[in-house]
Amino acid sequence: METAPKPGKDVPPKKDKLQTKRKKPRRYWEEETVPTTAGASPGPPRNKKNRELRPQRPKNAHILKKSRISKKPQVPKKPREWKNPESQSGLSGVSVGPDGCSPVTPLILWFFSKTRSRLEVAEAEEEETSIKAARSELLLAEEPGFLEGEDGEDTAKICQADIVEAVDIASAAKHFDLNLRQFGPYRLNYSRTGRHLAFGGRRGHVAALDWVTKKLMCEINVMEAVRDIRFLHSEALLAVAQNRWLHIYDNQGIELHCIRRCDRVTRLEFLPFHFLLATASETGFLTYLDVSVGKIVAALNARAGRLDVMSQNPYNAVIHLGHSNGTVSLWSPAMKEPLAKILCHRGGVRAVAVDSTGTYMATSGLDHQLKIFDLRGTYQPLSTRTLPHGAGHLAFSQRGLLVAGMGDVVNIWAGQGKASPPSLEQPYLTHRLSGPVHGLQFCPFEDVLGVGHTGGITSMLVPGASEPNFDGLESNPYRSRKQRQEWEVKALLEKVPAELICLDPRALAEVDVISLEQGKKEQIERLGYDPQAKAPFQPKPKQKGRSSTASLVKRKRKVMDEEHRDKVRQSLQQQHHKEAKAKPTGARPSALDRFVR
Amino acid sequence: MTANRLAESLLALSQQEELADLPKDYLLSESEDEGDNDGERKHQKLLEAISSLDGKNRRKLAERSEASLKVSEFNVSSEGSGEKLVLADLLEPVKTSSSLATVKKQLSRVKSKKTVELPLNKEEIERIHREVAFNKTAQVLSKWDPVVLKNRQAEQLVFPLEKEEPAIAPIEHVLSGWKARTPLEQEIFNLLHKNKQPVTDPLLTPVEKASLRAMSLEEAKMRRAELQRARALQSYYEAKARREKKIKSKKYHKVVKKGKAKKALKEFEQLRKVNPAAALEELEKIEKARMMERMSLKHQNSGKWAKSKAIMAKYDLEARQAMQEQLSKNKELTQKLQVASESEEEEGGTEDVEELLVPDVVNEVQMNADGPNPWMLRSCTSDTKEAATQEDPEQLPELEAHGVSESEGEERPMAEEEILLREFEERRSLRKRSELSQDAEPAGSQETIDSGSQEVLSELRVLSQKLKENHQSRKQKASSEGTIPQVQREEPAPEEEEPLLLQRPERVQTLEELEELGKEECFQNKELPRPVLEEQQSERTPNNRPDAPKEKKKKEQMIDLQNLLTTQSPSVKSLAVPTIEELEDEEERNHRQMIKEAFAGDDVIRDFLKEKREAVEASKPKDVDLTLPGWGEWGGVGLKPSAKKRRRFLIKAPEGPPRKDKNLPNVIINEKRNIHAAAHQVQVLPYPFTHHWQFERTIQTPIGSTWNTQRAFQKLTTPKVVTKPGHIINPIKAEDVGYRSSSRSDLSVIQRNPKRITTRHKKQLKKCSVD
């Protein structure tokens, strides 16, 4: 449909992802008949931060069909069902509207009328665009994978071996273990496209590889303790938090930079739309480094001691820091103080994670509790669960699955739907590893969870973890070098200034009322009068005899009274409204209440 | 007497004029004239004396008794008369004409009127001028209001305004590449072939195509113009004919008739020599005329003329002869002709017999249908149907030509019109041939033909009911009448008609079938997914429901299995708010106790609350205390200003808006403004908006391609004005928006040079003001 390259054709055709067992596994030649590209696709959850005004709105881009974990026809002993609980499209490919029941009827949104005001125009535009967006959802060809126990069977009992056995070879190859016992517990990071994996061992082992093809890009030993590792905007650059300073390597393992202003860094976060690398240090500083220009944008003192718990909110690019006094503080480079502080645990906070829509935050503390907070203004815990050992590491997947690493066990919880918080009642999957967990991350666009532990790296299969459809122009796992370069230029052009990071990105689209009023006041001062003020009523001179002073005064009085009455009427109405709102809906007070003393 | 005198004076005047004309001559022959004059004067005096005897209008005449200085050369003396002679009196005609009287009257009327008012002063005139000019200009300009409004409200304006009409590719061209491949398609196409449905150019039968083509504007216009012209000519022709018919002169008619007959005979002779077949036709026509004659009983004794002759016959030989002549002619005409050599002739004969058998009325109608006089036909059919009166322009000239050739004489003078009509006919046929294939005639003309033929058919239906029979009878009749060209023309029409008639129901059937097919398919499509979906749902729901109760058991098992999540894991109870202290459960309390003990050093909650209190305090606007200690009272160490004074000089800060975290005990939200972000916000309200929320509402929708589909993005970012590069953008003209050009010229003049318009308008104004 569009002119951009379609890498889907270069990609070896693969089978479909996890589906119901009854479905025949699709063959590659069959897949070719399916329209591979669609003009508009809502890509993956878009985690542009400040600009993300409508997280649910799909974007027009290329969709590539992507192979997902697909299941083998039958597991003989225990027939289980992998089912998609929220399949949105009908069988025959009939489009299903946003309401889920009927296709969007073509509405005549654009009608012409003389009195159409700008507001109406804006409304019509909005409606039209939203309808178009909803319609383009039809083009999301892929459905997420799922795992469902049969007859109430607990999915948590399904072990990785079962899943691997059930899925196709390509998907099974995505489950692997790297036994790297020598260089201690590993931190790991997937690139934004989900294609590349970088990991760093405590004892200096740093490696980056294309984990799908298992092609090693580089492997070095930095001869220093590695505390954290993170890809920058692309897989070509790698930030490693070493014992003393922050180092930047390229994908050949060549050290490009050593940033001495960021010392003793414990955790790294990269904000892809702002090109900011946020570092939390032992010294208690949160430092923002603009990697596009190599400048430190802000160095904020958290005044809460050693910082070793950090995560980012993908929705608004706010950094969440966990502190030893049980609070989580929210930071933006524009403010010296935290945007908000939330008391989450009675003990110190051990791990923080924010889901991709920026709605939920999961925290775990020294009090062995795992809590999920609502970030939409209330900051109240939605659900709490005490875990035996407490979770040391937390991570959200793209579709809202929550993983917690507790010792050498990994627990995964799933929510009911995509927008719902994970229910902590019962884990979706569990897995035991060969060593205590040290790093966790879900791979974007693949149903894979990467776990770094003392014994190396484990790549687990978690059906339904990530977005099945990706935005080919935004983060394309199959992109070539040229495409990556193109994307890089575009991304740099679209870089969001660091100071725009705030709690509610929508606030940027509002008028700055304070300065507006200030300006008005200044104008009045300058001019000596209010140009917008309504001129006082001046009675017109009437014919002879009628414009006596008394009648003039009378007329003035009349107008004034009228205005006054209007005002009173308005205020009364407002009061009524308020009362109507404030009235408790409960039982009406009885007549006898008046005697209560 | 007076008359005499007048005559005299006239004479004198004429003489004077002569003299005036020839002053030189006069000088030469002075003496002669004097003598003459003398005599004349005496004569005049005498006459006057005689006239004065009358007494009534005695006039005191000048008498010249002695020599005087004032001697007129022309013997005109005003002396003694008491009144002066004015030149005007001389020039005046003797009689006052009536026309002058009216003028005089007018003059007197004007004179009787009062004096004209003084002109207004300059300013007032100018003011009036301005007013009128303004009104006029406003009126001229007001017609642009809707255009301006429309352009203001338009989403997009495209310049230059003239647009080329996009050529719409017909659908058959688009679909021409398509072919039936699958067996189902082939089957369908077989069916279509059977039913003569269009296949390669789908969707359009030839008739439809023709109708589509007929739709084209130019075609329609041309056709309409042609029709109009033909109708006009026809009406002229009719009028002329009527006029000629009204001529009462018998002689004229006789001459005309004779001339016609002669001409016809001559032509017939010629034709026999040149083209025997045509001559035969002609003969047939003559025969037909005879038949007419026979049927109409024209030469019986029943006519007006004949009756009069019959009365006169007794006495007048000539009349008797004339009557006899008529009778003989009648006999001659009513005699049965026995040519009957060819089969055609025979058929004609049988036809004749038939016609004799049928009642007269029917025969008449038939005659009229193809008869020699088209106007007769018209008048006859007009009462039955109007469509026929409007007359297929094809048939009409045809018939006319036919009529001309047959019944000569009359038509000769009409040659011009005929030629014109024939030209029309030829042109049309040419165009048809060039444009259309044999059957694709313009639908309109076809229809008219159809209607015409239908008419005839309906008339013939009296004779025969069935369509085919009808057709045959038509043929028969046509042949009998011998209008071969007409038959040739008309034959295709019914033939076309027939397939059409036959086709229609078939086509409709097939269409309906198709629709039904489509419906069935739809139903199938719809029916398919439903049960499956239902199945899915039904599967899902039972799965979900039984799950719920079992879950806990399983979980326990799993935990045992895992040996990790110990059974003593506490029930899922939320802390809710950290300030809550009381907990009922002993277990819970124990747990809390344990944790408290573990973190005895740091009372997290208290610290947090303290921090929050501080933050709230810090964010509160501070009061301003303006009290000056010691001012107006005693001051010094240990002395405080009185409470009253403090209260008086304390400026209380206005209470700010409530904190966002007022009801959230576990949260501290920073209330400080992010000035860096605020720098990027809009700080001035754009013009048409009065409230910031209105403006916010309009910029709420993101327009970037990141958040929108491609289409929506393009639509949201369409430029307000689009110009074509390299094209001149002319100012809007009245024609562009559908106004007539005359008014536009007004406006354009106004726009171009306002000065000139003012002068022009002034002129108009003057007119107005005078009125």
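B:Lys250 is exposed, with a relative accessible area of 65%, where exposed stands for over 50%, buried for under 20% and partly exposed for values in between (1.4 Å probe, protein chains only). This is a predicted model, in which local features need pLDDT of at least 70, side-chain atom pairs count only at pLDDT 80 or more, and totals for chains, interfaces and linings use all residues. Residues are numbered from 1 along each chain as its sequence is written, chains are lettered from A and ligands numbered from 1 in the order in which they are written, and side-chain values use heavy atoms, with hydrogens and water left out.

**Positive patch on chain B**

- B:Lys250 belongs to helix H12 of chain B, helices being DSSP runs (H or I) of at least four residues and strands (E) of at least two, numbered from the N terminus.
- Together with B:Lys254, B:Lys258, B:Lys262, B:Lys263, B:Lys266 and B:Lys304, B:Lys250 forms a positive surface patch, for which residues need over 30% relative accessible area and no salt bridge, like charges being joined within 9 Å.
- Helix H12 (residues 250–274) gives the most to this patch, with six residues.

**Strand E17 of chain A**

- From strand E17 (residues 340–343) of chain A, A:Ala340 and A:Ile342 point one way and A:Lys341 and A:Leu343 the other way, and all are buried.
- Strand E16 (residues 327–331) of chain A pairs with E17(A) in the antiparallel sense over four bridges, pairing being assigned if DSSP finds at least two bridges between the strands, and A:Thr327 stands opposite A:Leu343.
- E17(A) is also joined by three bridges to strand E4 (residues 667–669) of chain B, again antiparallel, with B:Val667 as the bridge partner of A:Ile342.

**Salt bridges**

- Over all chains, the whole structure holds 29 salt bridges, each a side-chain nitrogen of Lys or Arg within 4 Å of a carboxyl oxygen of Asp or Glu.
- A:Lys174 and A:Glu446 meet in one of them (2.9 Å, N to O), and this pair links distant parts of the chain, 272 residues apart.
- A:Lys174 is buried, with a relative accessible area of 5%, and A:Glu446 counts as buried at 5%.
- A:Arg484 forms a salt bridge with A:Glu235, the closest N and O atoms being 4.0 Å apart; A:Arg484 lies in helix H5 (residues 481–493) of chain A and A:Glu235 in a loop, so the pair ties together parts that are 249 residues apart in sequence.
- A:Asp566 and A:Arg569 form a salt bridge with closest N and O atoms 3.1 Å apart, and these residues are separated by about one helical turn because they are three residues apart in helix H7 (residues 549–582) of chain A.

Key:
Patch = residues over 30% accessible without salt bridge, like charges linked within 9 Å, V, L, I, M, F, W, Y side chains within 5 Å. Areas by Shrake-Rupley, 256 points an atom, 1.4 Å probe, with all protein chains shown as cover. Lys, Arg positive; Asp, Glu negative; His and termini not counted. Charge placed at Lys NZ, Arg CZ, Asp CG, Glu CD.
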